[in-house]
Amino acid sequence: MRYTGPKVRLSRRAGVPLTRKAVRYFEERPYPPGEHGRKTNRRQTGDYGLRLMEKQKLRWYYDVSERQMRRYWDMALRGTGRSGAELVVLLESRLASLVLRAGLAPSIYAARQYVTHGHITVDGRKVDIPSYLVKPGQVVAVRQRSRGMQPFVAAAEGVYADDRIASYLAVDHAELRFTVVGRPLREQITVPVDEQLVVEFYSR
């Protein structure tokens, strides 16, 4: 199941801010949530716990369920590159992930909602599946009828954009549109996770 509770709580459990909004809250409370959070020593976590947490961080960062992670892991194993890097690339290629990375949404949760509510098109066709894997050359845009909504007006002004746009995307914020110009490479993806520990978790 996907986590549906307070999102900042996940960042505190993970030990790193997983969303922009979480940065400020995490700076104020950089310890795990709960009654005994202040007394928790992350350094005492065993090898299994460390690997499990890295896998969870990757899940939470991309807002996917355990079942979906297993499916992506199986796909990564069938890939030609390193399985850990392949796993991250697959997660980054999801439609919801790219909507966030292009600066059309303030968080992965909002990006997922925009897709499921039918506000996003791929090559001119409405796609309401957040896990849809976008291929190089495909054009993703906000539907014309949705562009007057406040979140998309803000997106058109570049409010949600990163300081540096990912090099595998060609983004036109004013037109609320972007093109995937190439398959993401692991070194181009900024994600606060050591995927080798995720590989070790699934390979145990």
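**Ground rules.** I am working with a predicted model, where local features need pLDDT of at least 70 and side-chain atom pairs count only at pLDDT 80 or more, while totals for chains, interfaces and linings use all residues. I number residues from 1 along each chain as its sequence is written, and my side-chain values use heavy atoms, with hydrogens and water left out.

**Overall.** I looked up the secondary structure and found 9 helices and 5 strands; helices (H or I, at least four residues) and strands (E, at least two) are DSSP runs numbered from the N terminus. I noted the order along the sequence as α-α-α-α-α-α-α-β-β-β-α-β-β-α. Of the 204 residues, 48% are buried, where buried means under 20% relative accessible area, exposed over 50% and partly exposed in between (1.4 Å probe, protein chains only).

**Core.** Which residues touch the most other members of the largest nonpolar core? I found Leu58, Tyr62, Leu87, Leu95, Val99 and Phe178, in a core of 50 residues. Such a core is a set of buried Ala, Val, Leu, Ile, Met, Phe, Trp, Tyr and Cys residues joined through side-chain atoms within 4.5 Å. Helix H7 (residues 108–116) gives the largest share, 6 residues. I then followed Phe178: leaving aside residues up to four places away in sequence, its contacts (heavy atoms within 4.5 Å) include Leu98, Val99, Val140 and Ala170.

**Strands.** I checked the pairing, which requires at least two DSSP bridges between two strands. S5 pairs antiparallel with S3 (residues 139–142) over 3 bridges, and with S4 (residues 169–172), also antiparallel, over 4 bridges. Val140 has Phe178 as its bridge partner, and Ala170 stands opposite Thr179. S4 and S5 form a hairpin with 4 residues between them.

**Backbone angles.** Most residues other than glycine have a negative phi, so I looked for exceptions. Leu176, in the loop between S4 and S5, has a positive phi of about 50°. Is Leu176 buried or exposed? I found Leu176 buried, with a relative accessible area of 3%. Asp123 has a positive phi near 55° and sits in the loop between strand S1 (120–122) and strand S2 (125–126). I logged Asp123 as partly exposed, at 45% relative accessible area.
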